Amino acid sequence: MLAEIKGLNEECGIFGVWGHPDAAQLTYYGLHSLQHRGQEGTGIVVSDGKTLKGVKGEGLVSEIFTTEAMTKLTGSAAIGHVRYATAGGGGYENVQPLLFHSQSGSLALAHNGNLVNANSLKHQLETQGSIFQTSSDTEVLAHLIRRSGYPHLNDRVKNALSMLKGAYAYLIMTENELMVALDPHGLRPLSLGLLGDAYVVASETCAFDVVGAEYIREIMPGELLIINENGLTSERFAVSTTKAICMMEYVYFSRPDSNIHGINVHTARKNLGKRLALEAPIDADVVTGVPDSSISAAIGYAEEAGIPYEMGLIKNRYVGRTFIQPSQTLREQGVKMKLSAVRGVVEGKRVVMVDDSIVRGTTSRRIVSLLKEAGATEVHVVISSPPIKNPCFYGIDTSTKEELIASDKSVEDIRQLIGADSLTFLTVDGMMHALGQEGTNGYCLGCFTGNYPTEIYPDTLQYYYQK
């Protein structure tokens, strides 16, 4: 579905390089491949072994990193970030990596995820004298590291990480070291690669393909990797770990050419579509998917159902970012600008429209209307995930609970609101079966089931469940 206009957005993507003369250029290409994870801001910080320098701004990777900007980024190590503003909001000051200078040296941070105890930690730190430069929860880690009493940086970082709750994949860089950390539940994807003698780290494996790096392995939950001139060292900052990768990475967020836990995302989505065809058999003439994340599931549905797959919806890729706006009026106008129905494909046909999820319902209603305006006689909507009934606290913008249409409405209510002839969501069991799993262990399904892998703090609950 169209993340910019339906309100389902990933917090960000991170990319890092250590030990390559073209570190900044590689990071540029890596971030470009992760652009789908965030379009509101981007930044790169480089190290030449003596100093840290950075360039960042609000906008797309290609907009911020001009030829002139890239000439400033020289060094053999770099970390980069693409951002979608959820926790902390937008603004230049919140664009990452965050860069801090002090008499004892510099520190750069890039973060993917969201801390559920950020507010309580900020309160504690401010009472101890800390002054925050941003409204981002990412900055909390810098203050915790600075205030840790351990003599060595490795120990200060591990101590600080142990105080965080929620989802976090961190890249932490000093003048002569790169550290990589993943939360004890591994809620966000993070992988390690090798390019010659250089180490590469990325939110998704598709970035390795773009820069020519070889995939080595995933970062483990609760692991801290330290990369410096002596090579790579793996340490643990959390003894107790329980893997709970976000299921929406498979359903929606990750690129189809990425692999997570050894499962190709395109293949996973095809299997979701196949399972959906078994759970929701429909007598129809054509199957179409909502570009781009639903195409794989639509192909799987069509193959399993024996119904032709056609491009019944076309995405206009040249609409400016002006239409990425939060109001409902502009969101619906954005759908009209972003998508067109192909009359020659759907006219006079009974159409199965495959989508990955329904959040508010406004986009689905408009797409059903587009198909019927183009002459579809019936539009049957099938969703390759269960209903999203609960907010995400870990870095995905699913808004407050009251804005989630499935939180207080039945499937029939939603069907009537979006104007579909039928509506079916994939079951939780069907989703897990499609991924070859017996149960839900190893995955976070909080937005579907309301069962979260971490404690959720009261001030966080108050925001997401506001009425």
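Trainee: Is Asn-114 buried or exposed?

Mentor: One compares the relative accessible area with a cut-off, and buried means under 20%. In this predicted model, Asn-114 has a relative accessible area of 5%, so the residue is buried. Asn-114 belongs to strand 7, which covers residues 105-115.

Trainee: Which backbone atom does the side chain of Asn-114 reach?

Mentor: For a polar contact, one looks for a pair of N or O atoms within 3.5 Å. The side chain of Asn-114 reaches the backbone oxygen of Phe-393, at 3.0 Å.

Trainee: Where is Thr-454 placed, and with which side chain does Thr-454 make a polar contact?

Mentor: Thr-454 lies in the loop between helix 17 (446-449) and helix 18 (458-464). Its side chain makes a polar contact of 2.8 Å with the side chain of Tyr-394.

Trainee: Is Thr-454 buried or exposed, and with which residues is Thr-454 in contact?

Mentor: The relative accessible area of Thr-454 is 16%, so Thr-454 counts as buried. If neighbours within four places in sequence are left aside, Thr-454 is in contact with Val-116, Gly-166, His-185 and Tyr-394.

Trainee: How should I read Gly-149, and is this residue buried or exposed?

Mentor: Exposed means over 50% relative accessible area. Gly-149 has 76% relative accessibility, and therefore counts as exposed. Gly-149 is located in the loop between helix 6 (139-147) and helix 7 (153-161). The C-alpha atom of Gly-149 is separated by 9.2 Å from that of Asn-159, a residue 10 residues apart along the chain.

Trainee: Which peptide bonds are cis?

Mentor: The general idea is that most peptide bonds are trans. Two cases here are cis: the bond that joins Gln-96 and Pro-97 has omega of about 5°, and the bond from Pro-291 to Asp-292 has omega near -5°. Pro-97 is found in the loop between strand 5 (77-83) and strand 6 (98-102). Asp-292 is found in the loop between strand 18 (286-289) and helix 11 (295-305).

Trainee: What is the phi of His-261, and where is the residue placed?

Mentor: Most residues other than glycine have a negative phi. His-261, a residue other than glycine, has a positive phi near 55°. Its place is in the loop between strand 16 (259-260) and strand 17 (263-264).

Trainee: What is the relative accessible area of His-261?

Mentor: The relative accessible area of His-261 is 27%, so His-261 is partly exposed.

Definitions and conventions:
Residues are numbered from 1 along each chain as its sequence is written. This is a predicted model: local features need pLDDT of at least 70, side-chain atom pairs count only at pLDDT 80 or more; totals for chains, interfaces and linings use all residues. Side-chain values use heavy atoms; hydrogens and water are left out. Helices (H or I, at least four residues) and strands (E, at least two) are DSSP runs, numbered from the N terminus. Buried means under 20% relative accessible area, exposed over 50%, partly exposed in between (1.4 Å probe, protein chains only). A polar contact is a pair of N or O atoms within 3.5 Å; within protein, one must be able to donate a hydrogen and the other to accept it, and residues adjacent in sequence count only if both atoms are side-chain atoms. Contact means heavy atoms within 4.5 Å.
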